[in-house]
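Please open the model in your viewer and keep the selection panel at hand. The stops below each say what to select and what is found there.

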Amino acid sequence: MKVQYKIKDIQKRLKEGLTPNEKEYYDGWNILPDSFHLTYQKEYVVYGLDYSKEGYINFLIVDDTEVSYPKIYPSEFFEITNNRISEYWIGTEEKEFPIKNIKCPNLISFKEIVENEYFFEDILDCKNNTCEIFSKNKELMDNEFPDNNIKSAEIIDANWVFCGYCDESWEVKSKQGVIVCPKCGKRNNNPFWKYYRI
């Protein structure tokens, strides 16, 4: 699932009025309006959905800070650009957002974060391998679906591709939407992905 940050001017948004979810976000976290580490019109991968007890929907996003861990942001901050639900999430069998008949509160994300109520505290303290666990799941979700912002590898033969950025060819064994060139390290869309989804 991917979303695009849509708030250009936080001060203007405050004057226009906040949604109840946004107000709770500001009140609960005591965050100053100009302190978000999100870029206007940038696309972000959603690593989970948080349904609050009031029924508000929040997205787990890795923002533009140098620290790579998920933070919760109100869904109203974003426009959905890809509503496909990750196959790595537990808590729903649905394939697309929005999810119907949800019971609140609920966290829908990858297994380790859902089953560990202290995951967020542990990742801040780098305890219990949570940093490594998140990094692994993040990579899976980042590469799960094709990315419109990168080139596609070209099919040479059965399971073999040619990099869209360099002269490397290699055998593809991944069913992910994005594959990484073993020579230049650049991400390419997997041209076989569409055949795996039939």
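Begin by selecting Asp-147, which is buried at a relative accessible area of 10%, where buried means under 20% relative accessible area, exposed over 50% and partly exposed in between, with a 1.4 Å probe and protein chains only. This is a predicted model, in which local features need pLDDT of at least 70 and side-chain atom pairs count only at pLDDT 80 or more, while totals for chains, interfaces and linings use all residues. Residues are numbered from 1 along each chain as its sequence is written, and side-chain values use heavy atoms, with hydrogens and water left out.

Arg-187 is partly exposed, at a relative accessible area of 27%. Include Lys-2 as well, and the network of salt bridges that links Lys-2, Asp-147 and Arg-187 comes into view.

Staying in the loop between α5 and β8, select Glu-144, which is buried with a relative accessible area of 2%. A polar atom of the Glu-144 side chain lies 2.8 Å from the backbone nitrogen of Glu-87.

Next, select helix α5, residues 130-142. Thr-130, Phe-134, Asn-137, Lys-138, Met-141 and Asp-142 are buried there. Seen down the axis of α5, the buried residues fall within an arc of 135 degrees, so they line one face of the helix; the arc is that of the directions from the helix axis to the C-beta atoms. On the other side of α5, Glu-132, Lys-136 and Glu-139 are exposed.

Which elements cover the buried residues of α5? They include β2 (43-51), β6 (89-90), β7 (106-110), α3 (111-115), α4 (119-125) and β12 (187-189). Among these, β2 and β7 pair in the antiparallel sense over four bridges, two strands being paired if DSSP finds at least two bridges between them. Leu-49 stands opposite Ile-108 in β7. Two bridges also join β6 to β7, which run antiparallel, and here Trp-89 stands opposite Phe-110 in β7.

Technical notes. The expected span of a helix is 1.5 Å times one less than its number of residues. Contact means heavy atoms within 4.5 Å. A polar contact is a pair of N or O atoms within 3.5 Å; within protein, one must be able to donate a hydrogen and the other to accept it, and residues adjacent in sequence count only if both atoms are side-chain atoms. A salt bridge is a side-chain nitrogen of Lys or Arg within 4 Å of a carboxyl oxygen of Asp or Glu.
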